[in-house]
Amino acid sequence: MRQLRSAMAGVAAAGVFFAGAAFAQAEHAWSKEQRALTEDYIREEMPPGFQVVVAELEGAVFADASGKTLYSWPVMALRNANAGEMKGKPTCGDTVYKVNTGWMSPYPGGLELPEVETRPSCVGAWPPVLAAADAKPVGKWTIVDGPEGRKQWAYDGQALYTSVLDKQKGDVWGGTSTNLQHDGTGAVRWPVGPDRNLPAQFKVMSYAYGRLLTLQNEHAVYVFDGDAKGKLGCTAECLERFAPILAPERIQQRGEWTTVERSPGVKQWAYRGKPVYSYNLEEKFPSFQGAEEAGWHNVYTQLAPQFPKGFRITDTYTGQMLADSKGRTIYTYNCNDDAADQLDCSHPSQPQSYRLALCGKGDWKRCLETFPYLTAGPDEKSETHFWSIKYINPETGRWVEAGTAGALRVWAYRDRPVYLCGRDKKPGDYACDSWGEWSGIRNGFMGFWIRDAFGDNAI
Amino acid sequence: MGKILSKTLATACALAAGTVFASVASADEALQNGKIGYAMTNKNWAVYQTPDGKAECPNGLNDGPREQFDKLYPRDKKHTYIDTQLERESEVWVPEKTAETHGLPFYEPQGKIGIGLNLDGKVGPEDFTSPDGKVTGIDNQIYRAFGCVASYRGPDGSYRHFVESYMQQYKYNRFLLELTGIDSLTNDPDVTVTIYRGLDALLLDSAGNFIPGGTQRADHRWGKDYIKSAKGKIVDGVLTTTPIDIYIPETLARGAPKQFVRDWRVELRLTEDGAEGLMGGYLDIERLQNNLAQNWATHFRSYGQESIPSEYRSFIRNADAYPGEDGKNAFISSAWQIKFKQAFIVHPPAAVAAGETGKGEAATAAARQ
């Protein structure tokens, strides 16, 4: 495989994204230039017809010639079985499954699935990325034998698919790296992209504010306002709290990664021109804790799409949540079914029976009381791809065209409506978090976490 | 300097006089400036149990989600996902508000013996009497719902196991009591008891036992809702407090709800090393049901054969206080058996400067809505 090193030069220190002590406010203070910076990745040779698209939330993802994001379905351990695909052995076929598997405890298998008459096959929901008869493998890109005699592309051994939910370049509606990784989620699909251009000590994790830079052990990475060019500001007592992240003696500087000499012969990594540190007092990994010290900031390789104007970050008794302009906590709905092909059921185009059972015992009117849609005001408008305003039929739960009788104009995140909770009474309440099967992860509602100071819903 | 000298002298004397004196020295350290702190280490619903359970649960223990599913939907017939799994889950999340069991038996403890506190000062027909017969009028109707559920019975009920396990594993649920204005751990007619949520792990010895002497940072940032104060008195080493409304930080696997408790109070035997006894109060049955479901999914509830839909119906049957808009009781009397270890509670300087310590307000009426 031929890897082309990024030609991207290191950018000015001002390009480092930060979230400091007052990060709720700082989030909105990020400049247009900062927002325009994207995560660097390692250029690699690809078969003809593929491309890399830098998506708003996910960073660099592979896409087909039409711009549709590519996904894989790696094996995941569920409670009673494993689901997904092993490397080199795709199983997603044209069988239309009629019953559940019982792979998610405690309920048994053999139950007829909701809306079974219109349920698609696996390939109906996840069209495989087919390889032409004369296609040749390139680097990590190989050709594998799929069900029904198909030849399909694979990356790093995992068969590749597109999602019928994605309609245009930059859509990543089929799956997200921001998903909680938990045996309760079911075996979900993941967007596939090139390796990030990072030194081996680092990795990137997706969170509400963007792609957060961490060490491999998930300690957050920080930068310091007191570090000026040619002079390090964190010395002496400061080093009791923050540890410089040292670079190996023999390294090649790469892309946005350079080094500064902390003391003779001792090199410290710098990202986008700023020396980087970990926080010695960090109690959970990763966290915002170091950024609570004056002048210190978390580091993002790419910022997430800006929240809609007027949305707020509210303090709760465990951390922070995203709220609407009135301070009401916002919720998302998660769903993955229990059939062998583990299809998504969280989107308005998919079966609504799962959601309606948990919010209203099948009664859509009751759901409008327990989990009302977050409606958009007449003057509100969407400024990003991931946050949009759409029209929904509250009875069917389906997207409809503007002007449709009875339709509600609602906010959507990742092309799915967001909700409020009928039980929340004041800013900071989140009575409907973890609501549903497997605490809302498998089929249910989760609060839009910004910061979880105690658990693992966010950093 | 004086403190160091005093400590040295105490240690020397303890070596000479033996462990009794050592204990006094420890008390001297724990009770400083009229203040002592405790961190909760154990909390279990107060469930009265006989050795074989036959006295209180003559019909045996209750079915859980798996057993009920099999009874409702026999395997030899075809069923739909909507009519079975989703129907059962909807009963967890948006339950029918009824005490009817719809053919699913639910066994509530029998007899008059129970553990807990007399919350209303009265002796009613449904109240319990303590196992030693000394306390009458015990209000602990939640025992009717939990007493014959395997999950809540000791020593190995799965809920009990995980609550204790998570007491060590997580910090969200750290529950602190700080006693101020205290002259003696034996008798003091007027002390202030303030609840805080703590931010630190519990102190353990090498065998995994909780030990006194740890440090706990009080959470004045995220945990402001938990800061509540009550007046109390100590008589013959037992602390009792006046009723106040509080929140308890509950946590299990995923959710992190706070439990609203009305008229909460404690009865704790205090020592310099810890405290042990009971706490009681009234729980909003809607919030309780919700918190149970959020805390632990049906899968986990199945471990201990615990059916939340059945328990909810029992809550409705046995709710005994604070009627709601429909005139029916919306709260249920409850009791927990609790243990604490002494801990040094520290407050951030800003909270001390702002006078935020030792005077939390009781929950407002708005919080009860």
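1. Where in chain A does A:A131 lie? This is a predicted model, and in it A:A131 sits in the loop between α3 (122–125) and β8 (141–145) of chain A. A residue with 20 or more other C-beta atoms within 10 Å is called buried; A:A131 has 22 C-beta neighbours inside 10 Å, so it counts as buried. Beyond its neighbours within four places in sequence, A:A131 is in contact with A:I143, A:K151, A:Q152 and A:W153. If you want a landmark elsewhere in the chain, A:D338 is 207 residues from A:A131 in sequence and 30 Å from it in space, C-alpha to C-alpha.

2. Is A:E282 buried or partly exposed? A:E282 counts as partly exposed because it has 18 C-beta neighbours inside 10 Å. Leaving out residues up to four places away in sequence, A:E282 touches A:H219, A:A220, A:S287, A:Q289 and A:G290. Of these contacts, take A:H219: it is 63 residues from A:E282 in sequence, and their C-alpha atoms are 7.5 Å apart in space.

3. Now for chain A as a whole. Its secondary structure comes to 6 helices and 31 strands. The radius of gyration of chain A is 23 Å, close to the 23 Å that the globule rule gives for 459 residues, so chain A is as compact as a globular protein of that length. Along the principal axes, the C-alpha atoms of chain A fill a box of roughly 70 × 60 × 45 Å. Of the 459 residues, 49% count as buried. Among contacts in chain A between residues at least 6 apart in sequence, 63% join residues at least 24 apart.

4. On domains, the assignment for chain A gives domain 1 (3–37 + 209–303), domain 2 (46–195) and domain 3 (312–452). The centres of domain 1 and domain 3 of chain A, taken over C-alpha atoms, are separated by 35 Å.

5. A word on confidence, before you build on any of this. Chain A averages a pLDDT of 91, and 93% of its residues score at least 70. Which part of chain A has pLDDT under 50 over residues starting at 1? That is residues 1–16, for which the model has 38 contacts beyond four places in sequence. The pLDDT is also below 50 over residues 18–28 of chain A, a stretch with 24 contacts in the model beyond near neighbours in sequence.

6. Chain B comes to 10 helices and 11 strands. Buried residues make up 47% of its 369 residues. Among contacts in chain B between residues at least 6 apart in sequence, 68% join residues at least 24 apart.

7. How many residues of chain A are in contact with chain B? There are 34 of them, in contact with 33 residues of chain B. On the chain A side, α5, α6 (364–370) and β29 (435–437) each supply at least two residues, and α5(A) gives the most, with 6 residues. The residues of this side divide into 15 nonpolar, 12 polar and 7 charged.

8. One helix pair across the two chains is worth a look. Helix α5 (residues 353–360) of chain A packs with helix α4 (residues 85–93) of chain B at an angle of about 35°, their axes 7 Å apart. The contact is made by A:S353, A:Y354, A:A357 and A:L358 of α5(A) and by B:L86, B:E89, B:S90 and B:W93 of α4(B). By class, this contact has 5 nonpolar, 2 polar and 1 charged residues.

9. Helix α7 (residues 285–295) of chain B is mostly covered, with 9 of its 11 residues buried; among them are B:I285, B:L288 and B:L292. What covers the buried residues of α7(B) includes β29 of chain A, together with α4, β8 (258–270), β9 (274–284), α9 (308–318) and β11 (329–346) of chain B.

10. Helix α9(B) is likewise mostly covered, with 10 of its 11 residues buried, including B:Y312, B:F315 and B:I316. The buried residues of α9(B) pack against α4, α5 (142–146), α7, α8 (298–303) and β11 of chain B.

How values were computed: Residues numbered from 1 in each chain as written. Chains lettered and ligands numbered in written order. Predicted model: local features only at pLDDT ≥ 70, side-chain atom pairs only at ≥ 80, totals over all residues. Axes fitted to C-alpha atoms, helices over the stretch in contact; angles between N-to-C directions. Helix = DSSP H or I, 4+ residues; strand = E, 2+ residues; numbered from the N terminus. Contact = placed C-beta atoms within 7 Å. Nonpolar A, V, L, I, M, F, W, Y, C, P; charged D, E, K, R; others polar. pLDDT = per-residue confidence, 0-100. Domains from an automatic or database assignment. Rg over C-alpha atoms; globule rule 2.2 N^0.38 Å. Buried ≥ 20, exposed ≤ 12 C-beta atoms within 10 Å, placed from the backbone.
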